[in-house]
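Student: I'd like to go through this one with you, starting with the pocket and then moving on to the strands. Can we put it up first?

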Amino acid sequence: QKYKIASSTSGSTHTHTLKFLNFGFGKQGDYKCKVVYSDAITLPDMTTELILSSVSFDPVSPFFVHNGFVQFTCIYHGEADPSFVKWFKGSKDSGNAITDGNKYEILTSNFDTKSSKKTSSIQFKNVEVMDSGDYICEWQNNQHTRMATMTVQVRTLRVDPATSFITIDGSIVISCNYEGVDAP
């Protein structure tokens with residue numbers, strides 16, 4: 001079974017529902033709802049365009065950074081080639097836009113028509129704890145906008161040089177300092 005059709009009435013409102021089961025590529029396009037009264041009066045058709053596309057991350061969110069290296073890829077999957085991708089940190093305010101430069105390197109692939117995919121990877125340069133936060137990847141084309149959010153948490157573990165000394169019980173204490181956005 002590919003779809004289910006259901007009807008319901010509440011007062012004078014009649015609702016007809018088309019539910020796709022396992023909606024996938026090849027099923028997108030224009031769908032029309034046509035209403036014909038019993039006396040043969042026809043209302044104008046209502047048309048809905050269904051577009052299949054998705055955005056995901058590799059690796060998945062949240063992304064925990066322990067070794068000072070941050071790189072992740074935003075993957076667009078859809079039939080239409082997105083004209084561009086934008087990256088943001090925190091929110092989509094224009095002041096939060098991320099560009100290729102001193103702090104980040106952004107590489108975006110060409111649209112692969114065979115797999116219907118396009119990727120954009122962001123690599124951080126000189127990772128710091130203050131780089132923790134939400135990173136938004138937004139794909140746009142002339143039909144729609146799709147976005148996804150990646151949460152990055154940067155954590156560092158620092159072991160200060162230890163001084164060796166002789167204690168009465170032979171023990172030694174070494175402390176480590178944790179730096180990050182949440183407690184370990």
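**Pocket, sheet and loops**

Tutor: The residues that line the largest pocket divide into six nonpolar, four polar and two charged; please keep in mind that this is a predicted model.

Student: Which residues line the largest pocket?

Tutor: The lining of the largest pocket consists of Tyr3, Ile5, Ser7, His14, His16, Thr17, Leu18, Tyr31, Lys32, Cys33, Lys34 and Val35. Two or more of the lining residues come from each of strand E1 (3-10), strand E2 (13-20) and strand E3 (29-33).

Student: And which element gives the largest share of that lining?

Tutor: That is E2, which contributes four residues. As for the space inside, the largest pocket holds about 300 Å³.

Student: Changing topic, what is the order of the strands in the open sheet?

Tutor: The open sheet has four strands in the order E5-E7-E11-E10, and the pairing is antiparallel. Its edge strands are E5 and strand E10 (104-108), each of which pairs on one side only. On average, neighbouring strands of this sheet are turned by 15° against each other, with direction ignored.

Student: How many bridges hold E7 to the strands on either side?

Tutor: Strand E5 (residues 53-58) is joined to E7 by six bridges, while seven bridges join E7 to strand E11 (residues 117-124), and both pairings run antiparallel.

Student: Is E7 mostly covered or mostly open?

Tutor: Strand E7 (residues 71-78) is mostly covered, with six of its eight residues buried. Strand E12 (residues 133-140) is also mostly covered, and there too six of the eight residues are buried.

Student: What does E12 pair with, then?

Tutor: Strand E8 (residues 84-89) is joined to E12 by six bridges, and the two run antiparallel. Within that pairing, tryptophan 87 stands opposite cysteine 137 in E12.

Student: Let's look at the loops. Where is serine 116, and is it buried or exposed?

Tutor: Serine 116 is found in the loop between E10 and E11. Serine 116 counts as buried because its relative accessible area is 15%, and buried means under 20%.

Student: What does serine 116 touch?

Tutor: If residues up to four places away in sequence are not counted, serine 116 touches Tyr76, His77, Gly78 and Phe111.

Student: What about glycine 101, where is that?

Tutor: Glycine 101 is found in the loop between strand E9 (97-98) and E10. The C-alpha atoms of glycine 101 and lysine 125 are separated by 9.3 Å, although these residues are 24 residues apart along the chain.

Note on methods
Residues numbered from 1 in each chain as written. Predicted model: local features only at pLDDT ≥ 70, side-chain atom pairs only at ≥ 80, totals over all residues. Heavy atoms only, no water. Buried < 20%, exposed > 50% of the residue type's maximum accessible area, 1.4 Å probe, protein only. Pairing = 2+ DSSP bridges. Axes fitted to C-alpha atoms, helices over the stretch in contact; angles between N-to-C directions. Contact = heavy atoms within 4.5 Å. 1 Å grid on protein atoms, 1.4 Å probe; cavity = no way out; pocket = protein on both sides within 12 Å on 5 of 7 lines; lining within 4 Å. Points joined across faces, edges and corners; volume = space filled by probe spheres on them. Nonpolar A, V, L, I, M, F, W, Y, C, P; charged D, E, K, R; others polar.
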